[in-house]
Amino acid sequence: MTFISMFQALGGIIKSLSHELPPGHLTDFEDSLRGSWYISPTQHALELCFLVPTFIGVTIYFGNKAWGKNTEAYRLMNSKHDVPKASMLERILLVMMVGSFGITCVHKMATQTLLFLMQPCHASALLLIIVMMWPWKQYPLIPRLLLNTYYYTLWGAILALIFPDLRDHDMFGEVFNFFLEHTLVLILPLYMISNPRYVTIPPSFDMALFSFGVYAFYHTPVLHLFSLWSGYNLNFSLGPPALGFLIETGPHYRNIMFMAALLNMFWTRYLVMDNFHNLIRWTRQQVKLKSS
């Protein structure tokens with residue numbers, strides 16, 4: 001069996017186990033929920049076989065370099081010290097985040113699309129809620145690692161606000177809650193990175209690639225396989241967003257999206273998060289100097 005025929009056979013298996021999808025030429029770009037065979041079953045097989053081991057390798061290798069047991073980052077994320085109580089502003093933001101996520105759950109239940117709670121921005125909202133409400137103080141590594149990884153993936157909320165996908169947002173309050181939720185998952189990390197309640201490790205090349213590996217693995221295989229199984233276009237696994245330049249790239253649109261995600265990790269953490277963090281620290285120093 002040749003290399004091509006082997007993956008064609010794997011593609012056939014994937015197609016037989018997947019949801020019944022329309023052919024690629026019938027892709028409906030007015031529908032943000034359902035997918036199609038915009039990418040052939042053979043290409044799905046190729047991506048799953050090659051990308052999954054790659055993303056696992058990147059995550060493990062750069063995770064060990066970024067926050068392995070012998071690193072300063074590991075020491076920081078496991079440090080135990082008195083944590084200040086949450087401010088009134090933080091409590092208000094948390095209540096708003098929980099409320100917005102709850103409304104999202106209600107909308108998804110009403111439209112029978114609960115699987116879309118796996119979308120990265122909804123998952124980000126849940127991640128931030130977990131970090132802010134983490135009850136097991138004896139295990140600080142988990143929420144600190146989640147938060148510091150999220151600092152690199154904040155670009156998702158930024159792009160969602162710049163290019164909002166409001167197709168199929170027809171329920172009362174759904175559009176408003178879309179912007180509220182995405183604004184909160186953008187604002188909360190900016191608040192948390194300069195808050196002494198949360199440990200921030202310095203940005204690094206290794207941490208950026210680890211964060212990319214985690215994000216990419218969440219897409220492929222996790223969202224990828226759930227999309228094939230359900231027929232839902234989770235995080236555009238089965239078809240591109242309704243953006244002309246990505247549609248024109250055809251079935252190769254995901255290669256561009258993965259490359260963009262990799263580059264976005266760096267400008268998000270180094271330009272947005274780090275500069276904001278430095279600005280807050282400088283502002284606090286100026287306030288102290290004026291008051292002394």
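This is a predicted model: local features need pLDDT of at least 70, side-chain atom pairs count only at pLDDT 80 or more; totals for chains, interfaces and linings use all residues.
**Histidine 182 and its surroundings**

Let's start with histidine 182, which sits in helix H8, the stretch covering residues 174-192. With a relative accessible area of 3%, histidine 182 counts as buried, because the cut-off for that label is under 20%. What does histidine 182 touch, once its neighbours within four places in sequence are set aside? Its contacts are Cys121, Ala157, Ala160 and Leu161.

Two of those names come up again in helix H7, which runs over residues 155-162: Ala157 and Ala160 are buried there, along with Trp155 and Ile158. And what do the buried residues of H7 pack against? Their partners are H5, H8, helix H9 (205-230) and helix H11 (253-291).

**The second largest pocket**

Now for some open space. The second largest pocket has a volume of about 350 Å³. Its lining is made up of 15 residues, and Val83, Lys137, Pro140, Arg144 and Arg197 are the ones that lie nearest the centre.

Which helices supply at least two residues each to this lining? Helix H5 (120-132) and helix H6 (141-150) both do, and H6 gives the most, with 3 residues.

| Class | Lining residues |
|---|---|
| Nonpolar | 9 residues |
| Polar | 2 residues |

How values were computed:
Residues are numbered from 1 along each chain as its sequence is written. Side-chain values use heavy atoms; hydrogens and water are left out. Helices (H or I, at least four residues) and strands (E, at least two) are DSSP runs, numbered from the N terminus. Buried means under 20% relative accessible area, exposed over 50%, partly exposed in between (1.4 Å probe, protein chains only). Contact means heavy atoms within 4.5 Å. On a 1 Å grid over the protein atoms alone, a cavity is a set of points where a 1.4 Å probe fits but cannot get out, and a pocket is an open set with protein on both sides within 12 Å along at least five of seven lines; lining residues have an atom within 4 Å of a point. Grid points are joined across faces, edges and corners, and a volume is the space filled by probe spheres set on the points. Ala, Val, Leu, Ile, Met, Phe, Trp, Tyr, Cys and Pro count as nonpolar, Asp, Glu, Lys and Arg as charged, and the others, Gly among them, as polar.
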